[in-house]
Amino acid sequence: MITVSLYGLYRLKATDAKYEFEGAKDVKHLLTMVEQASGIPYKELKQAVIFVNGSPIDQLDMFSTKLHGGEVISIVSPASGG
Amino acid sequence: MLIDALSINTCILSPEAIEELNKIRILVVGVGGLGGFVAQGLVRLGAQNITVIDGDVFSDTNLNRQFFCNSETMGRQKAVVAVEEMLKVYPQGNYKAITEFITDKNAALIMKDYDIVFDCGDNIKLKLLLEDFCIKLGIPLIHAGVNANYGQLAIIENKKILPSLYRREAKNRNAVILPQVTSGLQLNLFVQYLHKKHKKNKLYLIDLDAMQISDINY
């Protein structure tokens, strides 16, 4: 089971804040599942900051980051205002 | 007098934290939406040594959210106004204004004299620069970013997070509520830092629409 939590803009756009998925082999595959479940287009999800177990995917293998089940995924829209 | 009123703060501050507040040298970068609330909050917490830096002046688009912006301060330097107002609360405070923007050329020279920095800036370039120099100089950075109803904050000490957060342009359009809530949480992180109770490598995510604060251990 992979748990996906949406934050900020993505939570506002989705039907739910949290989803659970089985069988996603990597982050790219997972995002297609999130698209189907949440209604947020894949293209938009690719713009998000994505953490796998607390590690941002730009410090891993980006969308090719492998998933094995049990991961906690956070999809975040950072803010830059002050 | 503030000095008497400060004794009420013992409800959240230990004697050791109060002693630290007397000594710690604080730099608040940006005195807009976040920075105005942070600066006045630091004074009311009892911080004695605060410098605010901002090269900008108040304009009418700041009125909806910036604590020190009003009809009398319009067109004036934000940092100068902030210090004037801070001194009205606590005239004995060692408060200074720097009316410049921080750049990669002056950052090290300015920041080296401080023990902690508040990131209240409103653009990505500045935020990345602050994280970079704070880590190089070994100064904790209390980062925050806000947009509409959501934002994030963290104490950054030696592990970078902002290049990952700001790989792309991030949104930035604000009303008064989120900056006020977020700056309060920045002050709370500061109080936790004074008590050595803050959590390392934790990113807090604020969602006012859902009335939630979540966190990610990064």
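Predicted model: local features only at pLDDT ≥ 70, side-chain atom pairs only at ≥ 80, totals over all residues.

Start with the place where the chains meet. Chain A brings 24 residues to the contact, and chain B brings 35 residues. Interface size is often given as the accessible area lost when the parts come together. For chain A and chain B, that buried area is about 2200 Å², with carbon and sulfur atoms giving 57% of it. On the chain A side, A:A79, A:S80 and A:G82 lose the most area to chain B, and together they make up 28% of what that side buries.

This table puts the counts for the interface side by side:

| What is counted between chain A and chain B | Value |
|---|---|
| Salt bridges | two |

Which elements of chain A supply at least two residues each to the side that touches chain B? They are α1 (9–13), β3 (49–52) and β5 (72–76). Of the elements, α1(A) gives the most to that side, with three residues. As for salt bridges, one joins the side chains of A:R11 and B:D207, at 2.3 Å from N to O.

Now over to the patch. On the surface, B:V176, B:I177 and B:V181 form a nonpolar patch, and together they have about 220 Å² of accessible area. You'll find B:V176 in the loop of chain B between α7 (162–165) and α8 (177–194).

Terms used:
Residues numbered from 1 in each chain as written. Chains lettered and ligands numbered in written order. Heavy atoms only, no water. Patch = residues over 30% accessible without salt bridge, like charges linked within 9 Å, V, L, I, M, F, W, Y side chains within 5 Å. Areas by Shrake-Rupley, 256 points an atom, 1.4 Å probe, with all protein chains shown as cover. Salt bridge = Lys/Arg side-chain N within 4 Å of Asp/Glu carboxyl O. Helix = DSSP H or I, 4+ residues; strand = E, 2+ residues; numbered from the N terminus. Contact = heavy atoms within 4.5 Å. Buried area = accessible area lost by both parts, 1.4 Å probe.
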